[in-house]
Amino acid sequence: AEAEEVFGWILDGETSEEEIVRFLVAMTERSETAEEIAGAARALRARLIQCPHLMMRLIAAARGEMGI
């Protein structure tokens with residue numbers, strides 16, 4: 001839960017660049033835990049913008065179905 005909160009602050013722009021660097025360096029120096037990785041994923045998922053129509057257009061474009 002703590003990692004999710006910290007990653008949320010980072011994603012929401014509530015931290016300085018220096019704070020982000022210190023946090024990420026500290027994580028890599030001691031190896032991140034599975035809970036921290038899961039917390040980061042939860043923070044990212046909570047901030048996703050759902051846009052199914054855009055996704056369908058991207059898939060169609062990738063398949064060459066839109067004449068692009």
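**Reading the helix packing**

Colleague: Which residues of H1 are buried?

Modeller: Ala3, Val6, Phe7, Gly8 and Ile10 are the buried residues of H1. Buried means under 20% relative accessible area, exposed means over 50%, and partly exposed lies in between (1.4 Å probe, protein chains only). Helices are DSSP runs of H or I with at least four residues, strands are runs of E with at least two, and both are numbered from the N terminus.

Colleague: What should I know about the model itself?

Modeller: This is a predicted model, with residues numbered from 1 along each chain as its sequence is written. Local features need pLDDT of at least 70 and side-chain atom pairs count only at pLDDT 80 or more, while totals for chains, interfaces and linings use all residues; side-chain values use heavy atoms, without hydrogens and water.

Colleague: What covers the buried residues of H1?

Modeller: Look for contact, meaning heavy atoms within 4.5 Å. The cover on the buried residues of H1 includes H2 and H3.

Colleague: How many aromatic pairs does a search of the whole structure find?

Modeller: The general idea is this: rings of Phe, Tyr and Trp (its six-membered ring) pair if their centres lie within 6.5 Å. Planes under 30 degrees apart count as stacked, over 60 as edge-to-face, and the rest as tilted. The search of the whole structure finds one pair. Phe7 and Phe23 form it, edge-to-face, at 5.3 Å centre to centre and 80° between the planes. Phe7 sits in helix H1 (residues 2-11) and Phe23 in helix H2 (residues 17-30), so the pair ties together parts that are 16 residues apart in sequence.

Colleague: Phe7 and Phe23: buried or partly exposed?

Modeller: Phe7 is buried, at a relative accessible area of 16%. Phe23 counts as partly exposed, at 22%.

Colleague: Which residues does Glu36 touch?

Modeller: Leave out residues up to four places away in sequence, and Glu36 touches Ala3, Phe7, Met27, Arg30 and Ser31. Glu36 itself lies in helix H3. Its relative accessibility is 15%, so Glu36 counts as buried.

Colleague: Which backbone nitrogen does the side chain of Glu36 reach?

Modeller: A polar contact is a pair of N or O atoms within 3.5 Å. Within protein, one must be able to donate a hydrogen and the other to accept it, and residues adjacent in sequence count only if both atoms are side-chain atoms. The side chain of Glu36 reaches the backbone nitrogen of Thr33, at 2.8 Å.

Colleague: How many salt bridges does the structure hold?

Modeller: A salt bridge is a side-chain nitrogen of Lys or Arg within 4 Å of a carboxyl oxygen of Asp or Glu. The structure holds five. One of them joins the side chains of Glu4 and Arg42, 2.8 Å from N to O. Glu4 lies in helix H1 and Arg42 in helix H3, so this pair ties together parts that are 38 residues apart in sequence. Both ends are partly exposed: Glu4 at 27%, Arg42 at 28%.

Colleague: Which residues are linked with Arg42 in a network of salt bridges?

Modeller: Glu4 and Glu35 are linked with Arg42 in that network. In the Glu35 bridge to Arg42, the closest N and O atoms are 2.9 Å apart. Glu35 is partly exposed, at 43%.

Colleague: Where do Arg22 and Glu18 lie?

Modeller: An α-helix has 3.6 residues a turn, so residues three or four places apart point the same way. Arg22 and Glu18 both lie in helix H2, four residues apart, about one turn. They form a salt bridge, with 3.8 Å between the closest N and O atoms. Glu18 is exposed, at 55%.

Colleague: How far apart in space are Ala41 and Glu4?

Modeller: Compare sequence separation with C-alpha distance. Ala41 and Glu4 are 37 residues apart in sequence and 7.8 Å apart in space, C-alpha to C-alpha. Ala41 is in helix H3 (residues 34-46). It is partly exposed, at 32%.

Colleague: Which residue other than glycine has a positive phi?

Modeller: Ser31, with phi near 75°. Ser31 sits in the loop between H2 and H3 and is partly exposed, at 47%. Just after H1, Gly13 also takes a positive phi, of about 75°.

Colleague: Which residues make the nonpolar surface patch?

Modeller: Patches are made of residues with over 30% relative accessible area and no salt bridge. Like charges are joined within 9 Å, and nonpolar side chains (Val, Leu, Ile, Met, Phe, Trp, Tyr) within 5 Å. Accessible areas come from the Shrake-Rupley method with a 1.4 Å probe; for residues, only the protein chains shown count as cover. Leu54, Met55, Met56, Leu58 and Ile59 make a nonpolar patch of about 480 Å². Leu58 lies in helix H4 (residues 52-62) and is partly exposed, at 49%.
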